[in-house]
Structure formats: C-alpha cells, structure tokens
Amino acid sequence: MSKKIKNNVYSVGKVDWELRRFHGDELSTHHGSTYNSYLIKEQKTVLIDTVWAPFSAEFMRELPAEVELSRIDAVVINHAEIDHSGAIVDLMQHLPDVPVYCSHNGVKSLRGHFHKDWNFKPVRTGDRLDIGNGKQLMFIEAPMLHWPDTMFTYLTQDNILFSNDAFGQHLATDKIFADLVDQHSLWKEAIKYYANIIAPWSKLVDSKLRELKSLDLPIDIICPSHGACWRKDIHKIIDAYALWANGYREDRITIAYDSMWGATRAMAEAIAKGIREADSEVVLAVHSLAKSDKNDVMTDIFRSKAFLLGSPSHNKCALASVGALLEELRGLSFQGKKAAAFGSYGWSGEGQVRLNSILKEIGYECVDDGIRNMWQPSDADLARCVEYGRKFALKVQ
Ligand SMILES: Cc1cc2nc3c(=O)[nH]c(=O)nc-3n(C[C@H](O)[C@H](O)[C@H](O)COP(=O)(O)O)c2cc1C
Ligand SMILES: [Fe+2]
Ligand SMILES: [Fe+2]
C-alpha cells in the first residue's frame, strides 16, 4: 500500500523488516531497512527508483494498484546498485520504450548490471524534465555519493529532494517520516550509514552540500532511498552531514582488540582503566573484534577523537580480525583521529609493530609507539598499561 509523501507524490517501495545483513554479509542492519521507490502522479507519471531484486515480484504485483503501468511516462534511476534498481528488469518488460533517466555513469552501470539497452536518457546537473502542472524534475549529479552513477532528483513546487543513499538509514519503518520514528534508532542508523558507507567520500559530501546551498533550492522534504524521509528535521540531517564530512569527532575513545589467550584483552582493560583515571568525562568503548559487530565498532571509531587497536603477535603478524579492521579503516579514511597500537607477544613481537606501521601508512596519526608486553601481563605489567592509558588520554585531550 502506498503512503502519501506530499500532494501527488507517493512512497511505493518495500519495508524489509527481516534484513540483518546488507551488501552480502558486509554490513549489519540491526533495524532492517527499506528500499524506497517514489511515484509522482502529475500530468506525467514518473517512478523514481525501484526495490531490491528479491522483492521485484512483490513490487510488480503491488504497483498496478497504485498506477496503471501503461501510464508511467518515465523512470528515474538515481543509482544503479541493485537494492534500488533490482526490479527494473521486470518493470521494463511492461514499459520497453519508456525513457529511463539516469546520469551518464548510470547508463554504464545499468548496462553493466542488466545488459539491456533500454531507452536511456542520460542527464547532467541542471537538466530538467517537465512533468506538467507547472512542475519539473531537476537532476543533480552526485558522483561518488556513493557510486560514480549516483544522482539526486529534485521536484520543483513540492520542493522534494530525492537523494538516494545520501541521508538514508537502514531502518525498517512504515511511518515514512523521520519525525515519527524512534529518534535513538533513527540517528544511530543514520550515523552508522555515514560511517560505514558514505565516509570515504566526505570531501565530496562537503562540496555537494555547498553546491546544494548555492543552488538555493527550497527543500521541504528529503526522500532518501533507505529509511525515513526528513521533513521537520531537514536542517538537522544536513547539519549532521556537514559535521560528519569534516573530521568528525566526539569526546570519545574506542579500544578495539582481539586476543587468543586473554593477554591482549587484559592490556585493553588496563589501558581503559588508565584512560578513565585521567579523564572522567570521555566516553569509552572497549570492543573485542571477535565478539562485537564490526560495523558498530567502526561507527564508534568514527565518533571517536582517538582509538587504540590491539593484537597479539600471531605468526609474525597481527591477528586477521585486526588486519581486516585496518583494511576497512584504510578504505573509510576517517579524518582527524589519533591512534595507537598495543598487544601481547611471546618472542618476536611483530603484531603490535605491524599495527603501528599500518596505522601510519593509512594516514592515522599515532600519538606514540604504543605498548607491547611479553606473554601474560603481571601486576607490574598491568600497572604499566594503566599508566600508558593515562598518558594516552592526556595526549588526545
Ligand atoms: C599460533 C600462534 C602463533 C604465534 N606467533 C607469534 C609470533 O610470530 N611472534 C611472537 O612474538 N609471538 C607469537 N605468538 C605468541 C603470542 O603472541 C603470545 O602467546 C601472546 O601472549 C598471546 O596474546 P593473547 O593472549 O592476547 O592472545 C604466537 C602464538 C600462537 C598461539
Ligand atoms: Fe548504494
Ligand atoms: Fe542503497
């Protein structure tokens, strides 16, 4: 059943209450998600984005209740990733000649995914499509937010920005609007989405926000492709994106480690104790990378002013879980965070040394050489870790 967004604009996508993993198994989605598709019924009828392929049959079953398919004059694909374009193959079987508006890169990625030659109408920023009743769709390219093909579509008069993944949240809700959903879950998912998906492109986010400002388009509603639409809280999410895109940090420190026999874990807890002794205010999170959800760890690191990574030495290296986190940290390239490495070892001690050098190599500022400890820490060793934690807290204050 469709939900009205405003005037003749309806949400016709799918609420996926069940989803717990996204991008294969890469991303946890504790609150499910939605694949938002929007139907505009002016003189022209336009569909913006579709739903993920597994829901294509359901989408095609339900869409005719909203609109006679033969009345659809245009399809807009803001981004070709299959969580949004998945139903296009079934859709286009009913509308083989209908124009498909997308960016120039969108043509390439749609062809790359579906190997079809639909009636593509590639557009650039500023191009407009008249939909009658004095309204137009204006396209705004947004390359790398988060794929080369991504674009936004703006509906004049109704002042709606269809922003695709940007400003989205993996949050299953049938309430449609952000001001109607649980605020804690909403913001938790919005920042997790930014930290884990959008963050690598922060410079482009910043310039896109400036471009939007200079275009001076009145925006009453932002309709992303996942989760709730921003209505009363537009400035909040735009301001949040501006903050997140510019070396975001809160008064937080995150410690993430893995440990085979508990020595590195004991070090982590002693370092945490020292941090707390030196700073009673800072929010501290301690995560075992073997136990915590890696995307939640990443979100905590994104929110932190500083983080510590710990690993024992393992076959002259760090443990794979910590290596994997570093590979993600490299890709996400968070700005303005201080770091350090620690770990236990038995004889040669490469684990912690490797973490240090990778952290530096991928652009994080290490405050010092970190701390290493041979075998299981004694009381004196733990006291040394507590002291290290105290100094670390003061260095990153
Ligand atoms: C399979 C295995 C491989 C290891 N490889 C190394 C190594 O290459 N260099 C080293 O200094 N210690 C090595 N160690 C010793 C551990 O680093 C040491 O036992 C450390 O205290 C374990 O810390 P944890 O309790 O945090 O796992 C290895 C231990 C295991 C079990
Ligand atoms: Fe996407
Ligand atoms: Fe998406």
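This is a predicted model: local features need pLDDT of at least 70, side-chain atom pairs count only at pLDDT 80 or more; totals for chains, interfaces and linings use all residues.
Side chains of opposite charge can pair when their charged atoms come close. Across the whole structure, a search finds 24 salt bridges. One of them joins the side chains of Asp296 and Lys192, with an N to O distance of 3.4 Å. Asp296 has a relative accessible area of 24% and is partly exposed. Lys192 counts as buried because its relative accessibility is 4%, and buried means under 20%.

Another salt bridge involves Arg303, whose side chain meets that of Glu250 at 2.9 Å, N to O. Arg303 lies in helix α9, while Glu250 sits in the loop between α7 (234–244) and β17 (252–257); the two are 53 residues apart. With a relative accessible area of 23%, Arg303 is partly exposed.

A further pair is formed by Asp300 and Arg252, whose side chains meet in a salt bridge of 3.9 Å, N to O. Asp300 is in helix α9 and Arg252 in strand β17, so this contact ties together parts 48 residues apart in sequence. Asp300 is buried, at a relative accessible area of 15%. Arg252 also counts as buried, with 15% relative accessibility.

How are Glu250, Arg252, Asp300 and Arg303 joined? Salt bridges that share partners connect these residues into one network.

Conventions. Residues are numbered from 1 along each chain as its sequence is written. Chains are lettered from A and ligands numbered from 1 in the order in which they are written. Side-chain values use heavy atoms; hydrogens and water are left out. A salt bridge is a side-chain nitrogen of Lys or Arg within 4 Å of a carboxyl oxygen of Asp or Glu. Buried means under 20% relative accessible area, exposed over 50%, partly exposed in between (1.4 Å probe, protein chains only). Helices (H or I, at least four residues) and strands (E, at least two) are DSSP runs, numbered from the N terminus.
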